[in-house]
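Dear colleague,

I am handing over the structure below, together with some notes on what turned up when I went through it. Please read the notes with the coordinates open beside you.

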Amino acid sequence: MMGDFNWKVMEKNLEGLSKRFEATSRNIANANTPEFARRNVSFEDQLRDLVDGPRRLPMTVTNEGHIPSGPLTVSSVVPEEIKVYDEKFRLDGNNVDPEREMAVMSQTRMAYNAMTRFAAKKSSLYRLVIGGR
């Protein structure tokens, strides 16, 4: 499991989804706070570029001072928490829509459950290959 690329992608996906849980729960907790800007967590595009290959030509990194055009390894993918300022939902400046946040929470929960089931299936396959049951 240590060198398995799929396992690392799955771990990074679970990390990103848990950060999205935290951001969404913080949004819901501050639904009545004036001037609160909701947070959004993004990591799927970085993972997609890493797994499927970049959509644009990758820049060659020949020196450690070069800035890479995308993530080079799974560990370099970092879930980004972004404050959304440009949307207004209420007159007091708060842009948290509780219905939207609950939909995001449900979608994140379904994705997290699917990833944990996939991890359990993969672990059972490893156990079968090793010789256990």
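This is a predicted model: local features need pLDDT of at least 70, side-chain atom pairs count only at pLDDT 80 or more; totals for chains, interfaces and linings use all residues.

**Arg 20 and the salt bridges**

Arg 20 is buried, with a relative accessible area of 14%, and leaving aside residues up to four places away in sequence, Arg 20 touches Val 41, Ser 42, Phe 43, Glu 44, Val 104 and Thr 108. With one of these, Glu 44, Arg 20 forms a salt bridge whose closest N and O atoms are 2.8 Å apart. This pair links distant parts of the chain, since Arg 20 sits in helix α1 and Glu 44 in helix α2 (residues 44–52), 24 residues apart. The side chains of Arg 20 and Glu 44 are also joined by a polar contact of 2.8 Å. Glu 44, for its part, is partly exposed, with a relative accessible area of 30%.

In total, the structure holds 9 salt bridges. One of them is formed by Asp 4 and Lys 122, with the closest N and O atoms 3.2 Å apart. Here too the pair links distant parts of the chain, with Asp 4 in the segment before α1 (5–29) and Lys 122 in helix α3, 118 residues apart. Asp 4 has a relative accessible area of 17% and so counts as buried, because that value is under 20%, and Lys 122 is likewise buried, with a relative accessible area of 17%.

Arg 90 and Asp 92 form another salt bridge, in which the closest N and O atoms are 2.5 Å apart. Arg 90 counts as partly exposed at 27% relative accessibility, and Asp 92 is partly exposed as well, with a relative accessible area of 26%.

**Aromatic pairs**

The count of aromatic pairs comes to 2. In one of them, the rings of Trp 7 and Tyr 126 have their centres 6.4 Å apart and their planes at 70 degrees, so the pair is edge-to-face. Trp 7 lies in helix α1 and Tyr 126 in helix α3, so this pair ties together parts that are 119 residues apart in sequence. Trp 7 is buried, with a relative accessible area of 14%, whereas Tyr 126 is partly exposed, with a relative accessible area of 25%.

The rings of Phe 21 and Tyr 112 have their centres 5.9 Å apart and their planes at 65 degrees, so this pair is edge-to-face too. Phe 21 lies in helix α1 and Tyr 112 in helix α3, so parts 91 residues apart in sequence are tied together. Phe 21 is partly exposed, with a relative accessible area of 22%, and Tyr 112 counts as partly exposed at 29% relative accessibility.

**Val 96**

Lastly, Val 96 lies in the loop between β2 (80–83) and α3 (98–130), and Val 96 is buried, with a relative accessible area of 0%. Not counting residues up to four places away in sequence, Val 96 touches Asn 27, Asn 30, Ala 31, Phe 36, Arg 38, Phe 89 and Glu 101. The C-alpha atoms of Val 96 and Arg 39 are separated by 9.0 Å, although these two residues are 57 residues apart along the chain.

Key: Residues are numbered from 1 along each chain as its sequence is written. Side-chain values use heavy atoms; hydrogens and water are left out. Helices (H or I, at least four residues) and strands (E, at least two) are DSSP runs, numbered from the N terminus. Buried means under 20% relative accessible area, exposed over 50%, partly exposed in between (1.4 Å probe, protein chains only). Contact means heavy atoms within 4.5 Å. A salt bridge is a side-chain nitrogen of Lys or Arg within 4 Å of a carboxyl oxygen of Asp or Glu. A polar contact is a pair of N or O atoms within 3.5 Å; within protein, one must be able to donate a hydrogen and the other to accept it, and residues adjacent in sequence count only if both atoms are side-chain atoms. Rings of Phe, Tyr and Trp (its six-membered ring) pair if their centres lie within 6.5 Å; planes under 30 degrees apart count as stacked, over 60 as edge-to-face and the rest as tilted.
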